[in-house]
Amino acid sequence: MCYVIKTNQLTKTYKGKEVVANVNMKVKKGEIYGFLGPNGAGKTTIMKMLTNLVKPTSGEIELFGEKLTNTSYELFKRMGSIIEYPVFYDRLTARENLELHCEYMGYYDKRAIDSALDLVKLKNIDNKSVKEFSLGMKQRLAIARAIITKPELLILDEPINGLDPVGIKELRDLFHMLSHEYGITMLVSSHILGEMEQIADTIGVINDGKLIKEVSMDEIHEQNTEYIELAVTDVKKAFYVLDEILHLENFKVVDSSRFRIYDTALSQSEISKTLILNGVMIEEMNKKNHSLEDYFLTLLNGGGISA
Amino acid sequence: MRKLIRLEIKKFKLFSYLKSVGIANAAMMGMLCLIYFAEKSEGGIAFPNYEVTFELLGSIVRPVFIIFAAVLISRLIIEEYKSKSITLLFMYPIHRKKLIIAKLMIVACFTFLAIMLSTFFIGTVFYLADSIWHFVPEALTLGQVTGIFFDLILSAIASAGMALIPLYFGMKKKSVPTTIVSAIILVSLTNSTADDVDIYRFIAIPIALALTGCLIAYFSFRNIEKIDVN
């Protein structure tokens, strides 16, 4: 298997505190790798180490099969990135910023600027300095800057921050397009689960500096289970009905008024009918999918599904 | 390297600083007038000859542009750190040392040229004014011109090197005020003519100052490839 990013026992300590600890991550060529974790989990630090901005305390990084060293500048020609938040030379216009970027990268295709701005749907910005941009516009411009040189690897730290729902959808489509049509490998971080679920092919869950799990979305989907969530007024009575009358085996009490029924033998209407006939008032009943959120929370809590 | 310098100039629109240089020149001329009238009101002669005049002019021009250089250092380096745009710069496929050296070359060249040209410009205006109003008792001789010119080049080189010293202090805390204050302290230490001893007169001193400046600047970014950028 060909890995674009591979880290080996990557560790970073700040003042004796391990911010990133023994991370072994592998990003395959052509995939979208989602970095998922709460704020302060170490996502940005890892990304900074991948771009040489922060030096690892111990451990190694391999990019495109080459070991990353202090002077491996050539590798950066093949990468595009946004780290932390989009930074620009505020006094310049968007176009001037992109032109500068191209010059520094040693990339001289003038049409690339227009096509990149087009891809991220930034329009009517010619006479504005970046200072006047909203966060969403800056985010788009940063993505334009990252993709303008057609890199093989994109490292995007929280790229959907500050975007409206329409913008998020557009970017999601853009990411899929870049991945499928150009074969660009992407490392995208976010703490927004729903988005990750839709964007990523593989997800790396990180918490407290440790990579807890690296799992492909396909695997998660396989593990997905459906369940019925039920809110009732009288839990004791409902428990009795579910247990003794319906003979359900796989269900659990979530909190003082809620059940989750994992048994699929009985349909929703049958359960509700029996409950009502036995005098249990149903306040709410939903069929739910075990989403990435549950999976993620499970991993973070290191325990059962109970939230 | 030329390309990097060109890009820096484009990025920070450095040519817009020419206006400030013009204003500084006007202010320095005003200063000379002030000195002239102040001395006159006390019955003294401000400019007995051209050598003294240019010594005085030098002690006005040098501090102005060393502090000006500190402003440039703040703009080109310290603020790049503060606004985090340095992370952008350091992710380019270019050696970090080269990037910083390009910036420092702009600062040093600017200081040298600004001192040379400003002294030349103000000196010329002064000479023309003198040829109309005759306020300098001693006439300018060719020997004086070469002497003045030689001193000027030396002191401009020394200042260009010295102008880099504030970088060291500014980089410690990545602070603009520190950079500029250290430049002000620097010029007040090296530029005192109060006891009529101009340290720029001894050749060794300007050269030593220039070298010290370069060395200190080098120390402030010696490890730049190895340290974290935050």
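## Ground rules

Residues are numbered from 1 along each chain as its sequence is written, while chains are lettered from A and ligands numbered from 1 in the order in which they are written. Because the model is predicted, local features need pLDDT of at least 70 and side-chain atom pairs count only at pLDDT 80 or more, though totals for chains, interfaces and linings use all residues.

## Where the chains touch

Let's start with the two chains: 19 residues of chain A are in contact (C-beta atoms, placed from the backbone, within 7 Å) with 18 residues of chain B. Helix α2 (residues 94–105) of chain A gives the largest share of chain A's side, 4 residues. Helices here are DSSP runs of H or I, at least four residues, and strands are runs of E, at least two, numbered from the N terminus.

## A look at helix α5

Helix α5 of chain A covers residues 165–181.

A:Leu171, A:Phe175 and A:Leu178 are buried (20 or more other C-beta atoms within 10 Å of their own; exposed means 12 or fewer, partly exposed in between, with C-beta atoms placed from the backbone). They cover an arc of only 65°, going by directions from the helix axis to the C-beta atoms, so they sit on the same side of α5(A). The face turned away carries exposed residues, including A:Asp173 and A:His180.

The buried residues of α5(A) pack against β4 (32–36), α4 (135–147), β9 (185–190) and α6 (193–199) of chain A.

Methods
The expected span of a helix is 1.5 Å times one less than its number of residues.
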